[in-house]
Amino acid sequence: MMLARLRVSTLRQGSRLWARSMSGSGPTTKLYIGGEMRESKATKWTDVHNPATQELLTRVPESTNEEMLAAVAAAKEAFPAWSKTSILTRQQIMFRLQNLIKENMSSLAAALTKEQGKTLADAEGDVFRGLQVVEHACSITTLQLGETMPSVATDMDIQSYRIPLGVCAGITPFNFPAMIPLWMFPVALVCGNTYVLKPSERDPTVTMMLVELAEKAGVPPGVVNVIHGTKPSVDFICTDPDIRAISFVGSNHVGEHIYELGSKHGKRVQSNMGAKNHGVIMPDANKEHTLNQLVGAAFGAAGQRCMALSTAVFVGDAQQWIPDLIERAKKLKVDAGHNPGADVGPLITPQAKQRVEELVESGVKEGASLVLDGRGISVPGFEKGNFVGPTILSDVQTNMKCYTEEIFGPVLVIVHADTLDEAIKVINSNPYGNGTAIFTNSGAVARKFQTEIDVGQVGINVPIPVPLPMFSFTGSRASFRGDTNFYGRQGINFLTQVKTVTSLWRAADSLSAEKLTTMPTMR
């Protein structure tokens, strides 16, 4: 009964934690500090609009320095008690949290679509992939196991175990407003840390709903806190002395800045950044499967995925499939994300739309063939929306701007290669290493590709090879900065530190008064 009520209340304007209060200039998003919803005293605000209609949804504050200090202070105050909470108690909270997320999947997806723009089906996938990380966090009783060796020397034992770091922080992007926060704070909390989360200022509502669910699951006040803002809040997180570790997902420009500034101030940093993911299409691949997968991976989420398959490398005779690819892309329905049957929703902002269209035009000017142009599309009833239809640039060269930059829109660029070796060279010469895929029916070709390719995540007939949470997200090269990746075993390692205890309990002569001044040799 409580869960049924919650499903309604999470989207209701009066919901205590994430609710937007009304001001003279429109609704505002609150802060969450020490278990309380707080009105910000900010003087600067970011307006959030529905990408399909331009309706003003909320205004997000640029948190004041005092507010950010209060969030860290609340997390620091909560840490001693939370870190001493039994691992079974923390596990039970994660069990309740994952159940609440399941019960509220539709509400979360609806709010996500309204603010971010992606289709409802894709929004549910966004929530579901984050939910999987929460479910895996429920395995903390085995994930956080230490090591021990008895009798390393006479009457001497060594134990090594993982303990929480303290106050950690996360900075999330606009394109996955449910999944990425769920990569961060649940794993940190189940390890015994406390958290300060800064969601994207473009779509913060789902994060606030997730925090509400976390409180209902039993997370105590101060254990998770939410601040808002842009660069000033990012710089605060990177420099505050009480924050021990920072997780970030977003652009290379911001990610490099966070890695350098945070590391300079002695923090652990994991920074997932941009990408240029290539899909290699071999002539022996299953044509129907390959083209369907390619269309979905290139244009799904309007191309606003760091793992979008934005570059297709057609090898040899596979180039003859390009006309069929174009026909499939033409059939995708561009519409507001909440409408049934929508395949491609709007981009996040008018500025994002303008940038995508400019990159397409740069490709045309540099000699690429615009074989499908999705610019200038108008969606009936949503004429003000930030829509760009599926777009395909062929005959692209690797020195063109449309290839060297991450477009982050529903645009597929096509590169031609005569051989597999040539395709591998193209990919390995690109600075990014987030993901790649090959479509083939040859085990030998697949094995050569996965062995020789220098990319962190490889799909064999799988277009978007994002690992499930029992593994870790392993982007590499220019797509990642840091030593330890997100979720899985590596995520646990990032959010904990190792403590090793060497103990001596003498079985004989326990009352010996013998004094030893020499270096212990542990025989």
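Two strands are said to pair if DSSP finds at least two bridges between them, and I kept that rule beside me while I went through this predicted model.

**Entry on strand β18**

I began with strand β15, residues 311-315, and found that it pairs with β18 in the parallel sense, with five bridges between the two.

Next I asked myself why β18 can be called largely enclosed by the rest of the structure. Strand β18 covers residues 411-417, and six of its seven residues are buried, so the description follows from that count; buried here means under 20% relative accessible area.

**Entry on K448**

I moved on to K448 and located it in helix α16, which spans residues 443-452. Is K448 buried, exposed or partly exposed? Its relative accessible area is 28%, so I wrote it down as partly exposed, since that class lies between the limits of 20% and 50%.

I then looked up what K448 touches, leaving aside its neighbours within four places in sequence, and the residues in contact with it are L420, D421 and I424. For D421 I also noted the separation from K448, which is 27 residues in sequence and 9.4 Å in space from C-alpha to C-alpha. Finally, I recorded a polar contact of 2.9 Å that joins the side chain of K448 to the side chain of E452.

Terms used:
Residues numbered from 1 in each chain as written. Predicted model: local features only at pLDDT ≥ 70, side-chain atom pairs only at ≥ 80, totals over all residues. Heavy atoms only, no water. Helix = DSSP H or I, 4+ residues; strand = E, 2+ residues; numbered from the N terminus. Buried < 20%, exposed > 50% of the residue type's maximum accessible area, 1.4 Å probe, protein only. Contact = heavy atoms within 4.5 Å. Polar contact = N/O pair within 3.5 Å; in protein donor to acceptor, adjacent residues only side chain to side chain.
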